Amino acid sequence: MEADLPIASTMPCQNAQQQQLSKCEQSHSLPKQVRFAGGGEPAQPEAAQLKLLPMNDQIRELQTIIRDKTTSRGDFVFCADRLIRLVVEEGLNQLPYTECTVTTPTGHKYDGVKFEKGNCGVSIMRSGEAMEQGLRDCCRSIRIGKILIQSDEETQKAKVYYAKFPPDIYRRKVLLMYPILSTGNTVIEAVKVLIEHGVQPNHIILLSLFSTPHGAKSIIEEFPEITILATEVHPVAPTHFGQKYFGTD
């Protein structure tokens with residue numbers, strides 16, 4: 001019975017498949033847009049240096065627990081550390097690798113990759129220090145510098161009070177750690193200090209957890225060459241993060 005069906009009856013299905021394939025190819029050729037939560041406007045392709053972790057239920061649950069005001073501090077720290085680890089792992093994926101060949105215990109050759117030397121971390125105190133352990137868990141011997149930036153009581157502008165880096169930081173790729181991007185002012189001042197120490201903006205990868213659209217935009221407009229990595233862009237940032245994590249709330 002199937003052989004008696006008119007051949008022409010299969011044409012609509014074939015056309016639909018071809019149209020769907022064409023749409024799929026077109027979608028892959030378009031610049032990826034940044035996902036905004038809470039109904040925010042999508043970013044334009046010019047903000048390509050803002051990268052977000054692919055959303056899944058695990059990340060969404062961690063974000064939810066961190067934002068929930070009823071979350072205990074123990075659960076908060078546990079979930080924050082998990083989310084930090086995911087961001088750090090992806091941050092390491094942004095660093096340069098070189099190809100190499102190793103010999104396995106069975107004597108076979110294996111073509112792989114290895115990190116290029118010359119990376120370091122810099123945490124913006126105090127909340128950025130929450131991300132240090134996640135970085136050390138992935139890179140045991142990595143060097144970590146620190147920057148202390150606070151708002152001036154009179155002018156309310158961000159002011160640098162302390163900075164200590166590896167002496168050759170100007171030759172390194174820098175993973176700058178700061179979990180919450182609200183206004184972006186603190187990060188902007190930190191990047192200025194790094195540049196003053198000879199670091200190239202395109203050698204800076206900012207690792208963060210949550211960002212507001214304004215915070216990300218401010219940093220990108222000031223330093224269009226740096227890369228920002230976060231899990232979410234949302235109009236409301238969990239600004240209680242540092243106090244909750246360190247138990248000073």
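This is a short chat about a predicted model of one protein chain.

User: OK, new to this one. How many helices and strands does the protein chain have?

Analyst: The protein chain has 7 helices and 12 strands. Keep in mind that the model is predicted.

User: And how much of it is buried?

Analyst: Of the 249 residues, 40% count as buried. The accessible surface of the chain is about 15,000 Å², and carbon and sulfur atoms make up 50% of that.

User: What share of the contacts comes from residues 24 or more positions apart?

Analyst: That share is 62%, counting contacts in the protein chain with a separation of 6 or more.

User: Which residues make the contact?

Analyst: From H5 you have Val 187, Ile 188 and Lys 192, and from H6 you have Ser 218, Ile 219 and Glu 222. By type, the residues of this contact are 3 nonpolar, 1 polar and 2 charged.

User: Which residues of H6 are buried?

Analyst: Gly 215, Ala 216, Ser 218, Ile 219 and Ile 220. H5 is part of what covers them, and so are several strands, including E1 (50-52), E9 (204-207) and E11 (227-230).

User: What is Leu 194 in contact with?

Analyst: Leaving aside neighbours within four places in sequence, Leu 194 is in contact with Val 122, Phe 165, Ile 169, Val 174, Leu 176, Val 199 and Ile 204. As for Tyr 170, it lies 24 residues from Leu 194 in sequence and 8.2 Å away in space, C-alpha to C-alpha.

User: Switching topic: where is Thr 71?

Analyst: Thr 71 sits in the loop between helix H2 (57-67) and helix H3 (73-93).

User: Why does Thr 71 count as buried?

Analyst: Because its relative accessible area is 9%, and buried means under 20%.

User: Which residues does Thr 71 touch?

Analyst: Leaving aside its neighbours within four places in sequence, Thr 71 is in contact with Ile 65, Phe 76 and Lys 244.

Key
Residues are numbered from 1 along each chain as its sequence is written. This is a predicted model: local features need pLDDT of at least 70, side-chain atom pairs count only at pLDDT 80 or more; totals for chains, interfaces and linings use all residues. Side-chain values use heavy atoms; hydrogens and water are left out. Helices (H or I, at least four residues) and strands (E, at least two) are DSSP runs, numbered from the N terminus. Buried means under 20% relative accessible area, exposed over 50%, partly exposed in between (1.4 Å probe, protein chains only). Contact means heavy atoms within 4.5 Å. Accessible areas come from the Shrake-Rupley method with a 1.4 Å probe; for residues, only the protein chains shown count as cover. Ala, Val, Leu, Ile, Met, Phe, Trp, Tyr, Cys and Pro count as nonpolar, Asp, Glu, Lys and Arg as charged, and the others, Gly among them, as polar.
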